[in-house]
Amino acid sequence: MANVLVVAEHQDGKLRKVTLPTITFGEQAAEVVGGEVHVLVLGHGVDAIADEVAKYGNVAKVHYANSAALEKYTAEGFAPVIAQVAEQVDAEIVAAPASAQGTDYLPRVAVALDAGMVTNAIKVWDDGGVRFQRPMLSGSVLETVEVTTPRKIAAVRTTDFDDAKEGDGAPVETVELGESRDDVEFVSMELVKSERPELTDADVVIAGGRGLKSGEAFEMLEEMADLFGGAVGASRAAVDSGYAPTDWQIGQTGKVVAPNLYVAIAISGAIQHLSGMKGSKVIVAINKDAEAPIFQVADYGLVADAFKVVPELNEKLKSM
Ligand code: FAD
């Protein structure tokens with residue numbers, strides 16, 4: 001029987017939200033190949049993550065690769081374990097979030113399994129062969145890809161799938177691991193520490209554009225994000241102008257987000273920006289130009305000077 005293997009993602013002892021829509025993709029892929037969904041958790045001493053992920057979706061088994069060699073992420077360390085488990089569960093499709101980590105190790109898994117790979121998959125179906133759909137050119141073109149190798153690798157664009165619902169609970173089984181590689185050593189990782197949620201996990205994103213004219217002006221956006229318990233994002237023009245750090249960039253060449261609430265402040269709404277946020281549930285735009293294209297995708301629009309209305313909105317939020 002051909003099955004589907006979904007790789008779970010976690011960070012700082014917490015299951016990353018992107019795992020849940022990837023399980024939903026896995027459920028749809030399992031219908032296509034007529035098999036079961038298996039989930040793989042890699043790490044060291046992350047039993048609680050394995051137990052937590054086992055609660056979600058219609059999953060046959062959670063495989064837990066628990067090893068000191070997997071405590072710190074390296075693509076070279078993770079990829080052989082994923083390939084091993086894919087073979088053990090006879091996975092026709094191996095899926096992981098199209099995150100920084102997923103797109104780092106999946107190509108190595110593809111090489112190990114001699115498998116074809118599709119990135120940013122937003123749909124999977126059978127049309128005499130397993131087909132995937134993926135957006136191109138900022139989402140203005142949808143490409144259909146047929147992967148013809150026996151095993152197939154999919155980096156899933158998680159913003160296009162709902163979170164997996166809580167299910168009946170899957171058994172967790174520890175993976176028997178072979179020899180780990182000793183030719184790759186984890187040295188260090190520099191992470192930007194933030195009290196705010198990760199952009200791609202946040203329920204609320206407050207994003208600013210070049211119209212803010214300085215890094216200091218982003219402080220009022222940070223204040224708004226903190227009042228919502230959300231994250232701060234930026235357009236590429238704001239990042240390129242040095243107003244915001246690179247890891248805040250949203251869009252075609254930045255992160256793809258789909259929060260419940262996206263507030264775009266002084267962002268014009270170029271197609272390359274929209275491709276990173278138009279899946280948001282509710283979009284609010286604040287722009288002083290009533291003709292700005294962002295208003296075409298906004299559910300609520302405020303034609304106003306951001307320097308006047310953002311501090312006012314923050315005061316209102318504080319009094320709520
Ligand atoms: P602008 O287009 O300059 O818009 C600024 C807006 O602020 C204007 O609408 C203006 O009316 C408004 N404004 C000014 N002052 C105020 C005020 N006081 N109050 C309220 N509103 C005000 N862009 C991305 O964002 N993400 C990407 O990933 C990305 N990738 C790209 C990839 C490629 C290959 C290319 C070619 C471009 C890419 N871009 C990307 C750039 C994109 O085309 C736009 O240039 C960029 O999104 C514009 O950013 P902006 O809206 O902040 O700036």
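The legends below describe close-up views of a predicted model. Local features need pLDDT of at least 70 and side-chain atom pairs count only at pLDDT 80 or more, whereas totals for chains, interfaces and linings use all residues. Residues are numbered from 1 along each chain as its sequence is written, and side-chain values use heavy atoms, with hydrogens and water left out.

**View 1. The open sheet has seven strands in the order β7-β11-β6-β1-β4-β5-β12, with parallel pairing.** Strands are DSSP runs (E, at least two residues) numbered from the N terminus, and two of them pair if DSSP finds at least two bridges between them. Because β7 (116-121) and β12 (172-174) stand at the edges with a single partner strand each, one side of each is left without a neighbour in the sheet. From one strand to the next the twist averages 25 degrees, with axes fitted as lines to C-alpha atoms and angles running from 0 to 180 degrees between N-to-C directions.

**View 2. Strands β6 (residues 91-97) and β11 (residues 152-156) pair in the parallel sense over five bridges.** Within this pairing, Pro97 has Val156 of β11 as its bridge partner.

View 3. A backbone N or O atom of Gly211 lies 3.4 Å from a nitrogen atom of the ligand. Of the 980 Å² of accessible area (Shrake-Rupley method, 1.4 Å probe) that the ligand has on its own, the protein covers 78%.

Methods: Helix = DSSP H or I, 4+ residues; strand = E, 2+ residues; numbered from the N terminus. Polar contact = N/O pair within 3.5 Å; in protein donor to acceptor, adjacent residues only side chain to side chain.
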